[in-house]
Number of protein chains: 2
Amino acid sequence: MTAIDRQKAEGMGQKAEGMEQKAEGRGQKVEEVGEAVQHSTLNPQHSTLSSPTLDARRPTPPPLGKLYGLGIGPGDPELLTLKAHRILTSVPVIAYPTMESGKVLARAIVADFIRPEQLEVPMPLPFSVERSSQPHYDAAAETIAQHLAAGRNVAVLCEGEPMLYGSFMYIFNRLAGRFDTEVVPGISSTFASAAMLGAPLTYRNDVLSIMPATLDEATLRDRLAVADAAIIIKLGRHFAKVRTILDELGLLSRALYIERATMPNQQIRPITDMNPADVPYWALILIPSQTRPQ
Amino acid sequence: MTAIDRQKAEGMGQKAEGMEQKAEGRGQKVEEVGEAVQHSTLNPQHSTLSSPTLDARRPTPPPLGKLYGLGIGPGDPELLTLKAHRILTSVPVIAYPTMESGKVLARAIVADFIRPEQLEVPMPLPFSVERSSQPHYDAAAETIAQHLAAGRNVAVLCEGEPMLYGSFMYIFNRLAGRFDTEVVPGISSTFASAAMLGAPLTYRNDVLSIMPATLDEATLRDRLAVADAAIIIKLGRHFAKVRTILDELGLLSRALYIERATMPNQQIRPITDMNPADVPYWALILIPSQTRPQ
């Protein structure tokens with residue numbers, strides 16, 4: 001019986017006790033005990049402490065909810081981890097960034113996993129270099145904090161890996177000091193691209209550098225010149241600049257282009273075929289190591 | 001109904017047709033159609049082509065098996081992706097590296113998911129800088145190729161992310177040209193460590209460098225001096241060298257130490273407390289970005 005079987009057998013949203021025992025038995029990590037009842041007001045955990053007598057029993061404040069930053073991967077819903085899937089399908093509140101255009105990519109990735117009874121909290125963000133996102137994160141964090149204070153666990157969806165240029169970091173920085181917080185790592189689009197391209201990235205003593213195309217030309221050139229392997233993300237309107245630098249450094253023949261890795265509209269194209277005007281933000285260039293193993 | 005529900009409902013090891021239709025309906029990626037029957041000799045796919053008459057029907061060679069490189073994450077079995085879990089539990093053959101000492105970490109991570117009827121192929125590797133692993137990979141690839149040639153799908157387990165310093169890359173380089181091959185990305189211990197440490201890695205224009213502690217001192221110093229954020233892996237007996245460099249560069253106060261991230265015996269310790277003799281191979285140092293968002 002797998003961990004998933006056990007979860008299904010014992011009901012969604014309930015931490016399987018059998019799983020904990022089994023996990024201990026084989027020496028695996030045990031955590032988040034009691035997570036499922038943490039937000040329940042029906043069985044206050046401190047009732048015997050706060051209610052000295054049955055007659056004088058008063059309602060106790062619910063324990064605080066737990067904040068989850070859920071890495072949901074680069075686009076293919078099957079690239080959620082078992083853990084992200086378990087938490088996503090068991091929390092009462094799900095928050096996610098939305099663009100002002102109404103696009104909600106993070107939610108779209110996991111749309112099939114969200115149940116009607118789960119409360120959804122959109123976090124509108126400007127996604128613009130001209131306007132600061134910080135007031136928007138302030139507002140989103142405040143809304144999330146209210147749910148946590150009321151004892152409800154909240155999962156914040158984050159495309160790819162939450163700690164790598166992730167929007168969740170801004171929520172984390174505002175709330176992790178006040179509420180129990182757990183980050184669930186996700187598949188980064190950087191490494192998913194290597195898998196989709198069939199391109200081993202780094203061997204042995206190689207150094208890998210991950211950098212955004214938004215960097216100025218001199219910094220990009222300097223970093224690429226010394227990287228054994230590199231991944232250049234957030235291409236969009238910076239593509240022509242990056243292509244010129246790669247050409248100057250003699251890296252163009254090694255560079256692989258991919259956009260929207262693992263999504264249904266994924267594109268893998270020769271980098272020299274690309275029209276800069278057609279390169280989306282969700283495109284990246286991968287330069288695999290030239291090291292060949294002995 | 002989730003993807004997992006659908007899989008369970010339609011049986012382990014069978015590709016759920018309902019899932020494909022659903023996936024198409026919401027614009028998600030569809031792939032590996034027919035994977036489950038690819039290795040079946042009961043219904044040869046080309047029987048009408050190779051058997052002009054019923055009387056002259058001859059046995060046809062089975063279609064080739066498919067090779068999977070499965071990223072199984074850093075240690076917590078729940079950090080497998082839904083996809084890796086589906087493939088792992090449906091292939092007839094599972095291969096994994098083993099140490100000469102008999103230690104089989106990759107298998108231990110997924111031990112609860114392996115079924116008795118699945119064939120296991122250990123791949124003994126020296127895990128030594130003194131002796132080349134290449135003849136061992138030659139032998140392992142040959143064994144795997146025999147299964148693939150016989151029409152059996154083979155999943156090769158790889159801790160962490162297969163394309164990042166992964167042992168699977170050596171199998172990939174030997175077999176991907178001969179057999180249909182798919183790499184399933186996994187959670188890298190590098191990013192899982194950031195989650196466990198609660199340490200956002202990179203913001204906006206930051207460059208992240210991932211490097212092995214096995215590098216020579218000068219190269220390590222040069223790369224660390226220009227990295228906005230860095231992850232130094234494979235510490236082990238190189239810890240003292242790395243600590244000295246971090247001290248020289250003024251990075252020691254920012255450096256975070258973790259060993260065996262997400263495993264039951266995970267340790268997070270102040271870096272200045274560590275005795276170099278006690279640092280295992282599975283330890284890493286993380287230097288998060290100092291950038292603070294506007």
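Rings of Phe, Tyr and Trp (its six-membered ring) pair if their centres lie within 6.5 Å; planes under 30 degrees apart count as stacked, over 60 as edge-to-face and the rest as tilted. This is a predicted model, where local features need pLDDT of at least 70, side-chain atom pairs count only at pLDDT 80 or more, and totals for chains, interfaces and linings use all residues. Side-chain values use heavy atoms, without hydrogens and water; residues are numbered from 1 along each chain as its sequence is written, with chains lettered from A and ligands numbered from 1 in the order in which they are written.

Q: Which aromatic cluster includes A:Tyr137?
A: A:Tyr137, A:Tyr170 and B:Tyr203 form one cluster. Over all chains, the structure holds 11 aromatic pairs.

Q: Why is the pair of A:Tyr137 and A:Tyr170 called stacked?
A: Their ring centres are 4.7 Å apart and their planes at 20°, so the pair is stacked.

Q: What makes A:Phe239 and A:Tyr257 an edge-to-face pair?
A: The centres lie 6.0 Å apart with the planes at 85°, so this pair is edge-to-face.

Q: How do you know that A:Phe239 is buried?
A: Buried means under 20% relative accessible area, exposed over 50%, partly exposed in between (1.4 Å probe, protein chains only). A:Phe239 has 0%, so it is buried. A:Tyr257 counts as buried too, at 1%.

Q: What is the nearest side chain of opposite charge to A:Lys234?
A: That is B:Asp206, 8.7 Å away; A:Lys234 is buried yet has no salt bridge (a side-chain nitrogen of Lys or Arg within 4 Å of a carboxyl oxygen of Asp or Glu). Lys and Arg count as positive and Asp and Glu as negative; His and the chain ends are not counted.
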